[in-house]
Amino acid sequence: MPHSTNQLRDLDRRHVWHPFTHMRQWIDGDPLVITAAQGMHLIDSDGNRYLDAVSSLWCNVHGHRVPEIDAAVRAQLDKVAHTTMLGLASEPATLLAERLMRLVPQNLKKVFYSDSGATATEVAFKLAAQYWFNVGRPEKNAFVGFADAYHGDTVGAMSVGRMPAFHAPHFPMLFPAHFAPSPYVYRSDSPGDPQAVSRQCLAALDRILTEHGPSIAAVCLEPIVQGAGGIIVHPEGFLRGVADLARRHDVLLIADEVAVGFGRTGRMFACEHEGVEPDLMCVAKGITGGYLPLAATFATQKIFDAFLGEPWEGRTFFHGHTYTGNPLAAAAALASLDLFDKNNVVAGVQKKSTDLAKMLAPLRDLPHVGDIRQKGFMVGIELVADKETRRPFDPKRRVGAQVCLACRQHGVIVRPLGDVIVLMPPLAMGVEDLRKIVAAVEAEIAKLT
Ligand SMILES: Cc1ncc(COP(=O)(O)O)c(C=O)c1O
């Protein structure tokens, strides 16, 4: 006997602690219980269908229940569900590595698997610090991050990220890092001049690197778009500027492509927009098409070589996770990459994102829309109380959350970042579904007073 919606809700409220969720409100509310999905739709326990406009937290690529990925996972299940990569090679993880190497910036030669975005960035920080240790410069062990950056919720990731709204209670337990300002043009002193904002931020980064370069291991950046910070789209040339400064000051560049990788911005990887080759690159989310947890940190040959030596020399990277390189996840990733080719997914994002931009344009005239930022299939609509002064709404009103909740009545699931309404549709979503999402969001924003 399947459980009723009310039974499932009761069990959830009694036992489950949800991520990034105000549990007081959750317990008092009537949560949607998702029991199935089909294509672009999530289906709840009462059979209602909703467009998945958050790509199930920014990871879904081809939609749900994709026959080719389902079949690949089933076929792998008939071989083995999980074997360790500690001291053993694994067929799908090996084949996936070879496949990924053809896609990533060509200076990257090795892949270290893990299972989430946070583990991918954590691995990058540890690799960067140990790289300098191994080459005889252990004093280079500090990091530079950016304001509003998000790299995940583990301690290293929180230390190099800077999101007080999420992590303030944990600041005392973090390791110290340097922070450069991020080019959040709309909230800067020169909202009409993105290049001036970019120059100011790069100058600040240059000052940090000039003063502290000898003790810095790496600069870490979400290339082109800072996701969780509010879909902050960087001015053209900013990524290139950061890469040049890292090179000039002899620090490594870590590109956190967890959110922007796998086609999200209209290129396979966001670094491609400015021809940047990072020393370390982190991916997760879209790597399996949004099916299963898998992440990867890519490194250059030079970094990898610094870890070679006799076992007693202490150069080995002693890091790993139980499910690192899980075969089911790797099989899903291989099938997903086949679909990227077969369906020309990245070119599709480029084309459809132009349509999406046209759909969004009229929203700029709504009285409470302060800014609309878009790169590919990443959209942030920043709501403000006063358009003239850019004054935000009182956070207690939770305007972004209310708008998103109301969109459910239109059959659309969206999630805000504060008062930024985020649209992050699966890359395979068609124009008609995109139109429904924009219409729902527009209707609900228009009701704001
Ligand atoms: C840029 C970036 N890095 C890291 C992460 C953390 O990924 P995960 O939630 O898989 O740990 C995220 C998640 O949103 C992200 O956007």
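Reply: Let's begin with strands: two strands pair if DSSP finds at least two bridges between them. Helices (H or I, at least four residues) and strands (E, at least two) are DSSP runs, numbered from the N terminus. This is a predicted model, where local features need pLDDT of at least 70, side-chain atom pairs count only at pLDDT 80 or more, and totals for chains, interfaces and linings use all residues. Residues are numbered from 1 along each chain as its sequence is written.

Me: Which residue in E3 is the bridge partner of Leu42?

Reply: The partner of Leu42 is Tyr50. Strand E2 and strand E3 (residues 49–52) are antiparallel, joined over three bridges. His41 also faces E3, standing opposite Leu51.

Me: What stands opposite His41 when I look at Gln38 and E2, and how do E1 and E2 pair?

Reply: Gln38 stands opposite His41 in E2. Strand E1 (residues 34–38) and strand E2 (residues 41–44) pair in the antiparallel sense over four bridges.

Me: How many residues lie between the strands in each hairpin?

Reply: The hairpin of E1 and E2 has two residues between its strands, and Gly39 in that turn has a positive phi of about 60°. The hairpin of E2 and E3 has four, with Gly47 at a positive phi near 90°.

Me: Which strands stand at the edges of the sheet?

Reply: Start with the order: this open sheet of four strands runs E1-E2-E3-E15, with mixed pairing. E1 and strand E15 (412–413) are at the edges with a single partner strand each, so one side of each has no neighbour in the sheet.

Me: How do I read a helix pair, and at what angle do H13 and H15 pack?

Reply: Axes are lines fitted to C-alpha atoms, for helices over the stretch in contact, and angles run from 0 to 180 degrees between N-to-C directions. Helix H13 (residues 345–360) and helix H15 (residues 431–446) pack at about 25°, with axes 10 Å apart. That makes H13 roughly parallel to H15, a term for angles under 35 degrees.

Me: Which residues of H13 and H15 meet?

Reply: Contact requires C-beta atoms, placed from the backbone, within 7 Å. Lys352, Asp355, Leu356, Met359 and Leu360 in H13 meet Val431, Leu434, Arg435 and Val438 in H15.

Me: Which residues come nearest to the ligand?

Reply: A residue is near a molecule if its C-beta atom, placed from the backbone, lies within 6 Å of it. Of the 14 residues around the ligand, Gly117, Ala118, Gly152, Val258 and Ala259 come nearest. Helix H6 (residues 117–134) gives the most to this shell, with three residues.

Methods. Angles under 35 degrees count as roughly parallel, over 145 as roughly antiparallel, 65 to 115 as roughly perpendicular and the rest as oblique. Two residues are in contact if their C-beta atoms, placed from the backbone, lie within 7 Å.
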